[in-house]
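The sequence and the structure are shown first.

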Amino acid sequence: MGLFLEIAVAAPINHTLTYSYDGRRRLQPGLRLLVPLGPRRLTGYLLDISEKKPQGDYPIKAITDILDQTPVFPANMISFYRWIADYYHYPLGEVIKGALPGGLACRSGREILLTTRGEKKIIPSGEDQKKKWLLTLCRNKKLPPRTVGKLWRGRNRRILLKWQEQGLITINEVIIGPTCKAKTEICVGPVEGKTADNLKKSEQKTLNLLTGLLSDDRKTIPRRDITRRYSGAGKALKSLAAKKIIFFEEKEVYRDPFGERPPAFAEPNVLSCGQKKALAEILPAIKAKKFKPFLLHGITGSGKTEVYLRGAQTALKMGRTVLVMVPEIALAAQIEGHFFSRFGSLVAVLHSGLSKGERFDQWQRILRGRARVVIGARSAIFAPLADPGLIIVDEEHDPAYKQEDLLRYQARDLAILRASQQHCPVILGSATPSLVSYHNAGQGKYQLLNMKKRIHDRPLPKVEIINLRKQPPVNGRPPLFSPQLIRALTDNLKQHNQSMLFLNRRGFANLVICRDCGHVVQCRNCRVSLTMHKKTAALICHYCGYTIKSAVVCPNCRSGRINEVGFGTERVEIELKKLFPQARIGRLDRDTTTKRADFIKILKEVREGRIDILVGTQMITKGHHFPNMTLVGIIWADGGLGMPDFRAGERTFQLLSQVSGRAGRGEKEGRVIVQTHQPDHYSITTAGDHDYQEFFSRELSLRASLNFPPYGRLINIKFSGKNEDLVKKSALELYEKIKEISRVRKVSLLGPAPAPLARIRRQYRWQLLLKGNTINSLHEVAIFSREHPPAPVRAGKVKLFIDVDPENML
Ligand code: ADP
Ligand code: ZN
Ligand code: ZN
């Protein structure tokens with residue numbers, strides 16, 4: 001009897017497809033299959049199996065092949081994927097493809113074989129001698145799919161099709177396998193019950209080495225571990241195996257992605273009052289195996305990590321699993337250290353710092369139930385945990401939880417969804433909860449848990465706000481360091497305490513202007529100015545990476561009088577060195593830490609007291625715990641307030657509170673100096689007073705007056721393309737098309753207008769913002785837009801993206 005399979009194909013198709021299967025294997029949801037689609041064969045994901053033919057009279061094709069022995073995701077993820085595809089207006093198959101670790105997907109490609117006729121006829125001469133692919137074809141009599149793929153996209157396709165017609169070549173469809181496979185290693189172990197007499201010296205030595213490395217739960221060890229220690233071991237192992245004293249076997253091994261970890265703190269014997277109260281609510285909820293969302297509002301240094309660890313312990317004891325989300329790799333390293341010290345090899349990590357192979361291995365460990373605690377950034381929300389008993393979202397307010405391209409999802413929101421589908425509690429933790437989450441708690445949607453005191457009742461740091469406009473100018477501009485900040489740094493150095501300077505912009509100068517003609521050096525691909533980096537003597541675009549040599553002359557008028565305006569962390573570091581030549585200064589931003597190892601190294605230097613002053617971007621504001629850090633200086637607190645984004649005030653408050661929270665976490669009291677041009681702005685004053693409540697009510701009433709979230713809901717429709725006119729035309733055309741339905745559904749349309757960043761990576765950008773009181777009315781308009789795309793979008797000349805609950809308005 002044949003079966004009918006519901007399959008999501010990894011392609012931009014908005015619905016699932018039905019295929020048939022007549023084979024004898026028992027199929028399970030979560031398997032990957034190869035299915036025919038038009039002329040190609042693609043990976044599909046098996047979602048449902050039925051014996052009944054679905055309604056409708058259309059031919060049903062059979063699947064081509066089954067790619068997996070066992071499912072690559074648990075069946076309980078399917079409803080999760082379906083919800084995501086609907087809510088974020090994204091093809092289901094591509095949701096699943098993106099959720100799985102890279103390197104798993106198969107696809108079909110073309111291989112070219114030279115026929116005997118072709119061998120005689122195709123003889124490269126003259127100009128053709130320069131075509132590398134042609135020479136390869138003649139030499140090897142075939143071309144691999146990779147090469148053919150490239151040729152196929154170019155002008156040569158016509159030639160190839162002609163040759164095929166003339167019988168000079170044959171073009172075959174072939175399957176290109178997954179690029180990642182489990183890694184294996186040769187291991188050796190002693191054959192049981194074999195005694196060894198008359199061994200050679202080298203054999204005896206090798207055998208001793210081997211037995212010394214074995215233990216009760218390690219019956220074999222990697223061959224490498226022995227050959228590494230003794231150069232004669234390779235040969236000796238072979239002869240020992242020949243004598244049947246030892247045996248070889250091939251074992252699957254996991255690539256270790258952990259490397260060096262920051263150290264963990266010890267398990268405290270006594271919990272603080274706040275921790276006890278929070279856990280008194282959380283632990284019963286974990287035991288009840290029911291969905292329950294908590295918002296853990298714990299000030300900086302209140303010991304939230306310990307609450308997470310105890311919660312995790314309880315979930316594990318019940319045989320369930322735990323998902324811990326952190327906003328970025330930087331923080332993953334910290335939390336990973338803590339979790340690893342408690343739960344050891346039960347921990348797996350998933351983040352963008354892993355290689356493809358490492359990611360694949362971590363995935364397998366989770367899928368097979370060997371790893372039961374998963375720590376990861378945004379994409380870890382897709383971790384294939386079978387039975388989560390607790391989901392934790394640390395620093396839940398962090399913008400990094402929002403994915404800003406392809407599938408534009410908010411991982412924090414998905415954590416709530418996943419917890420509700422899996423019947424488990426979820427903890428959103430933060431010292432500065434997002435406005436939306438705090439509002440949800442106020443509405444009773446989340447249970448609010450407060451931790452208002454730091455561990456050991458340590459006080460929050462004192463904050464001084466310095467009005468930069470009142471400072472004596474240097475070269476006509478406000479100074480980088482106010483006299484107050486310089487004095488505080490000097491004192492702190494004298495007392496051998498550590499300081500931290502925060503500025504949320506990297507580079508040396510963010511604007512390079514010609515003093516004669518006023519030309520601003522801009523990126524070739526983006527409508528933004530280039531940032532000057534001194535150390536690499538380069539002007540770099542922070543959006544697309546476009547780089548040119550530092551200009552010594554103006555590219556416009558050839559004048560040599562170039563002005564470097566503005567400042568970034570690199571300039572802060574350089575000026576600081578001039579002021580304090582004796583101080584040991586470190587810098588933490590994306591320029592100094594491209595790899596996780598760099599990051600861990602700098603943090604280690606800070607922890608070990610080898611850095612006096614740490615300069616950095618928002619990377620330094622998060623999570624870190626340095627007991628000796630007593631002074632925090634904020635170079636330019638209002639830097640983000642000018643952003644054309646309704647969340648600018650919220651972001652500023654969060655950043656200032658978080659960075660201030662790094663001061664005075666040890667025994668010595670902390671101090672914060674905030675430099676700003678807007679000393680009276682509520683985001684700055686409330687952060688200075690450590691007054692979340694006041695900030696919340698001010699910001700909330702502002703949002704209410706504009707009907708922005710958490711009151712109104714938003715969907716942003718974005719257009720982009722190389723041709724400015726067509727992009728604009730698309731936006732205007734869609735506006736006309738949805739005007740009527742929007743009016744009926746009470747959705748207001750803001751725009752269309754060029755995005756604040758009007759051109760990025762050679763793409764012109766327009767947007768049309770939908771605002772309404774319910775998300776469903778917005779979805780209706782979005783679906784209508786998708787189904788009635790403007791002409792240039794239909795023609796593939798302009799791309800249309802739907803961004804649900806947008807966070808980045810730039
Ligand atoms: P935050 O709430 O800012 O995330 P952390 O979880 O980093 O705070 O905790 C701050 C510090 O307090 C850590 O060094 C941790 O070891 C310590 N700590 C947490 N709980 C306790 C406790 N019950 N007793 C003593 N020290 C604790
Ligand atoms: Zn650029
Ligand atoms: Zn000029």
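In this predicted model, an oxygen atom of ligand 1 lies 2.6 Å from a backbone N or O atom of Gly-301.

**Surroundings of ligand 1**

- Ligand 1 is surrounded by 17 residues, and the closest of them are Val-270, Gln-275, Gly-301, Lys-304 and Thr-305.
- The shell around ligand 1 comprises nine polar, six nonpolar and two charged residues.
- Gln-275 contributes a polar side-chain atom, which is placed 2.9 Å from a nitrogen atom of ligand 1.
- At Gly-301, by contrast, the atom that lies 2.6 Å from an oxygen atom of ligand 1 belongs to the backbone.

**Zinc ion (ligand 3)**

- Four cysteine SG atoms coordinate the zinc ion (ligand 3), namely those of Cys-514, Cys-517, Cys-554 and Cys-557, at 2.3 to 2.4 Å.
- The site of the zinc ion (ligand 3) is tetrahedral, and the angles among its four donor atoms run from 104 to 112°.
- For four tetrahedral donors, the ideal angle at a metal is 109.5 degrees.
- Along the chain, the donors of the zinc ion (ligand 3) are spaced as C-x2-C-x36-C-x2-C.
- Cys-514 belongs to strand β21 (residues 511-514), whereas Cys-557 lies in the loop between β24 (547-549) and β25 (562-565), so the pair ties together parts that are 43 residues apart in sequence.
- Cys-514 is buried because its relative accessibility is 3%, under the 20% limit.
- Cys-557 counts as partly exposed, with a relative accessibility of 34%.

**Zinc ion (ligand 2)**

- The zinc ion (ligand 2) is coordinated at 2.2 to 2.3 Å by the SG atoms of Cys-523, Cys-526, Cys-541 and Cys-544.
- Angles of 101 to 114° among the four donor atoms make the site of the zinc ion (ligand 2) tetrahedral.
- The spacing of the donors of the zinc ion (ligand 2) along the chain is C-x2-C-x14-C-x2-C.
- Cys-541 has a relative accessible area of 2% and is therefore buried.
- Cys-544 has a relative accessible area of 24% and is partly exposed.

**Cis peptide bonds**

- Pro-709 and Pro-710 are joined by a cis peptide bond, with omega at about 10°.
- Pro-752 is part of strand β31 (residues 748-760).

**Positive phi values**

- Lys-289 is a residue other than glycine with a positive phi, near 55°.
- The loop between α10 (273-288) and β12 (292-298) holds Lys-289.
- Lys-289 counts as partly exposed, at 40% relative accessibility.
- Arg-762, likewise a residue other than glycine, has a positive phi near 70°.
- Arg-762 is located in the loop between β31 and β32 (763-772).
- The relative accessibility of Arg-762 is 38%, so this residue counts as partly exposed.

**Pairs separated along the chain**

- Ser-202 and Gly-232 are 30 residues apart in sequence, and their C-alpha atoms are 6.7 Å apart in space.
- Ser-202 is located in helix α7 (residues 201-213), and its relative accessible area of 26% makes this residue partly exposed.

Note on methods. Residues are numbered from 1 along each chain as its sequence is written. Chains are lettered from A and ligands numbered from 1 in the order in which they are written. This is a predicted model: local features need pLDDT of at least 70, side-chain atom pairs count only at pLDDT 80 or more; totals for chains, interfaces and linings use all residues. Side-chain values use heavy atoms; hydrogens and water are left out. A residue is near a molecule or strand if one of its heavy atoms lies within 4 Å of it. A polar contact is a pair of N or O atoms within 3.5 Å; within protein, one must be able to donate a hydrogen and the other to accept it, and residues adjacent in sequence count only if both atoms are side-chain atoms. Ala, Val, Leu, Ile, Met, Phe, Trp, Tyr, Cys and Pro count as nonpolar, Asp, Glu, Lys and Arg as charged, and the others, Gly among them, as polar. Donors are N, O and S atoms within 2.8 Å of the metal (3.2 Å for Na, K and Ca); water is not among the atoms, so sites may look incomplete. Four donors count as tetrahedral if all angles lie between 85 and 135 degrees; four count as square planar and six as octahedral if opposite donors are over 155 degrees apart and all others between 65 and 115; anything else is irregular. Helices (H or I, at least four residues) and strands (E, at least two) are DSSP runs, numbered from the N terminus. Buried means under 20% relative accessible area, exposed over 50%, partly exposed in between (1.4 Å probe, protein chains only).
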